[in-house]
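Hello,

Here is the structure I promised to pass on. Please have a look at it, and then read my notes below.

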Amino acid sequence: MNKLKLLVFLLLLQPALIAQRTCQEVLAVAESFLIDGNTENVGKILNQTKGKCEEDVTWYYIQFGYQTAVGNIDSATIFMNRAVKLFPKNDSIQFLLAQ
């Protein structure tokens with residue numbers, strides 16, 4: 001992991017700073033970690049943003065990817081189904097359905 005990513009991650013994980021960041025900013029970091037296969041940090045970000053970002057489609061998209069990456073296929077399906085109900089016309093969710 002490069003040093004810049006680590007620095008951004010450490011700053012974003014501080015609860016006071018998470019409260020000041022938008023969901024998109026924090027979830028962009030989580031998505032980057034997910035792409036890198038760093039599921040531990042993705043899980044931490046998802047847990048810390050649960051109350052704040054559940055209305056953001058990206059949160060569910062990353063949850064689906066995270067649950068799939070750690071082998072929780074049943075949980076991945078649950079998050080996909082929730083996302084379809086909450087965001088029926090979103091392209092990211094339609095992409096999940098197509099897989």
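What pattern does the chain follow when read along the sequence? The pattern is α-α-α-α-α-α-α-α, with eight helices and zero strands in the chain. Helices (H or I, at least four residues) and strands (E, at least two) are DSSP runs, numbered from the N terminus.

Before the details, please note that this is a predicted model, in which local features need pLDDT of at least 70, side-chain atom pairs count only at pLDDT 80 or more, and totals for chains, interfaces and linings use all residues. Residues are numbered from 1 along each chain as its sequence is written, and side-chain values use heavy atoms, leaving out hydrogens and water.

Of the chain's 99 residues, 34% count as buried (under 20% relative accessible area, with exposed over 50% and partly exposed in between; 1.4 Å probe, protein chains only).

Helix α6 covers residues 57-69. Its buried residues include Trp59, Tyr60, Phe64 and Tyr66. At the N-terminal end, Asp56 caps α6, with a side-chain oxygen 2.8 Å from the backbone nitrogen of Thr58. After α6 comes Gly71, whose phi is positive, near 85°.

The structure holds one salt bridge (a side-chain nitrogen of Lys or Arg within 4 Å of a carboxyl oxygen of Asp or Glu). The side chains of Lys44 and Glu40 form it, at 3.4 Å from N to O. Both residues lie in helix α4 (residues 39-48), four residues apart, about one turn of the helix. Lys44 is partly exposed, at 35% relative accessible area, whereas Glu40 is exposed, at 56%.

Best wishes

Note on methods
Expected span 1.5 Å × (residues − 1). Polar contact = N/O pair within 3.5 Å; in protein donor to acceptor, adjacent residues only side chain to side chain.
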